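Trainee: Please take a close look at the aromatic rings here. I would like to know how they pair up and where they sit.

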Amino acid sequence: MGVEAHKDLLGSIGVDVERHAKMMGMGLEAYKNQFMSQENRPKGMEYFDWFMSEIQGQRIAEINQLRAEKKPAVGTFCIFVPEEIVTGAGGACYGLCGGSPATIPDAETELPRNICPLIKSAHGFKLQRTCAYTQSSDFIYGETTCEAKKKSWEILAKHHPVHVMNIPHMKREKDLRMWKEEIVEFKEHIEEVTGKKLSLEEMKEGTRIVNEKRKALLRLDALRGMNPDVMPISGKDGLFVVQMGFLDDPVRYTEKVNELCDELEQRVRDGVSVFPKDTPRLMVLGTPFAPPNWKLHNAVENTGGAVINEESCIGHRYFKDNVNLDGVNDEDTLMERLMERYAEIDCACFTPNTPRIDKIVQMYKDRKADGVIYYTLSFCHTYNVEAHLVTEALEKEGIPCLVIESDYSPEDAGQIKTRVEAFLESLTFKKKATAFKNK
Ligand code: BJ8
């Protein structure tokens with residue numbers, strides 16, 4: 001079916017249909033070349049290939065059907081948004097387009113050039129009206145995580161309703177109290193949109209649904225990275241599955257991720273790996289990879305490496321913690337538990353953020369990885385500055401690390417490839433030397 005079949009709907013929600021169709025055509029072509037050409041892909045990826053073909057078609061129709069039933073549709077740019085509440089209200093909470101360089105020139109008519117590409121790309125999608133998710137949302141839920149985002153909401157609000165959540169930058173008692181109030185306020189805002197009070201049971205059900213989704217993703221993460229001898233799925237496919245988790249219906253998505261994991265478990269039992277033995281296995285740390293930002297994964301996996309995990313918000317940081325529902329019998333306790341879960345997020349916007357550093361070292365050891373790439377988007381000051389402390393800790397542990405700062409333009413793809421190639425060579429050499437020493 002695809003976008004063509006939903007042209008009228010797209011037009012009715014204000015999408016620039018012609019420009020949108022052109023962009024989607026390019027996106028699907030890129031997906032075909034970069035993903036569907038991989039050999040020995042798990043059969044379970046067929047669902048995600050289908051979802052990609054309907055990403056701005058059937059899924060948009062589903063979201064707009066929910067809106068017609070007075071259910072909320074909330075667009076986000078950050079994992080701090082309590083999606084459990086939107087899900088509990090029967091609505092859709094999804095990530096908005098923000099990973100393409102094609103919308104940046106438009107954004108630069110309103111925003112400065114020297115800010116993070118994610119913010120500019122997302123802003124440009126709104127100005128161009130080429131993200132059907134943005135066009136479908138009742139409101140965009142912004143947060144005060146970084147300086148550039150915080151200020152850009154004021155400009156974005158001229159074009160689309162925006163509701164901003166105040167995220168503290170420290171995790172002291174008083175900060176957490178304020179955070180809980182923000183979650184309560186978010187719930188009240190959802191009630192305003194739907195014109196209906198949310199019951200405790202509905203919110204608990206929304207929480208159960210999202211917990212299950214995160215559990216499935218944690219399962220996928222373990223299958224990707226915990227067995228050094230068998231890597232049953234490529235890093236690119238692994239990343240793509242996680243990316244789609246921010247758009248798909250959570251119940252259907254969880255079912256499909258679990259089906260894929262069943263197949264991957266079988267592959268592990270049968271020793272079916274998509275990479276040759278001794279392929280250097282890398283963890284990637286840092287800022288989120290919004291689709292179609294596949295540049296780094298392509299660079300690694302086209303030059304003989306494998307990405308086994310993303311320590312990122314489109315990755316492990318998103319699904320590492322769940323909401324504890326044990327003994328939750330009233331709304332106040334639920335709000336407290338939500339706050340506790342969200343406060344576990346170790347985004348670099350917090351100071352101090354030492355748990356993130358300890359976690360990275362532990363993850364590396366658990367996965368018996370060969371090296372890490374610390375990846376930041378250009379002008380992301382929080383992750384760029386935090387790189388110093390992370391690389392210092394990695395060095396102390398003797399963990400090989402390559403730092404890459406990049407934006408969405410294709411111009412540095414060649415340079416990144418060369419640097420990744422050299423890094424992989426050094427890891428292969430180290431592996432051989434260790435094997436020789438242990439003989
Ligand atoms: S919880 S990482 S999703 S804020 S990359 S826009 S921080 S300048 S995306 Fe993020 Fe939430 Fe944190 Fe995760 Fe700013 Fe940095 Fe750009 Fe960023």
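Mentor: Ring pairs join Tyr47, Phe48, Trp50, Phe51 and Tyr253 into a cluster. Rings of Phe, Tyr and Trp (its six-membered ring) pair if their centres lie within 6.5 Å; planes under 30 degrees apart count as stacked, over 60 as edge-to-face and the rest as tilted. This is a predicted model, where local features need pLDDT of at least 70, side-chain atom pairs count only at pLDDT 80 or more, and totals for chains, interfaces and linings use all residues. Residues are numbered from 1 along each chain as its sequence is written, and side-chain values use heavy atoms, with hydrogens and water left out.

Across the whole structure, a search finds 20 aromatic pairs. One of them is Tyr31 with Phe240, a tilted pair. Their ring centres are 4.7 Å apart, with 45 degrees between the planes. Tyr31 lies in helix 2 (residues 17-36) and Phe240 in helix 12 (residues 235-244), so the pair ties together parts that are 209 residues apart in sequence. Helices (H or I, at least four residues) and strands (E, at least two) are DSSP runs, numbered from the N terminus. Tyr31 is buried, at 2% relative accessibility. Phe240 is buried too, at 0%. Buried means under 20% relative accessible area, exposed over 50%, and partly exposed in between (1.4 Å probe, protein chains only).

Now take Trp179 and Phe350. These two rings are stacked, 6.0 Å centre to centre, with 25 degrees between the planes. Trp179 belongs to helix 10, while Phe350 sits in the loop between helix 16 (331-342) and helix 17 (354-367), so this pair ties together parts 171 residues apart in sequence. Trp179 is buried, at 0% relative accessibility. Phe350 is buried as well, at 3%.

Stay with helix 10 for a moment. The helix covers residues 173-194 and also holds Glu181. Glu181 is exposed, with a relative accessible area of 55%, whereas Trp179 is buried.

For another setting, look at Val272. Val272 is in the loop between helix 13 (250-270) and strand 5 (281-286). The residue counts as partly exposed, at 28% relative accessibility. Val272 and Lys22 are 250 residues apart along the chain, and their C-alpha atoms are separated by 38 Å.
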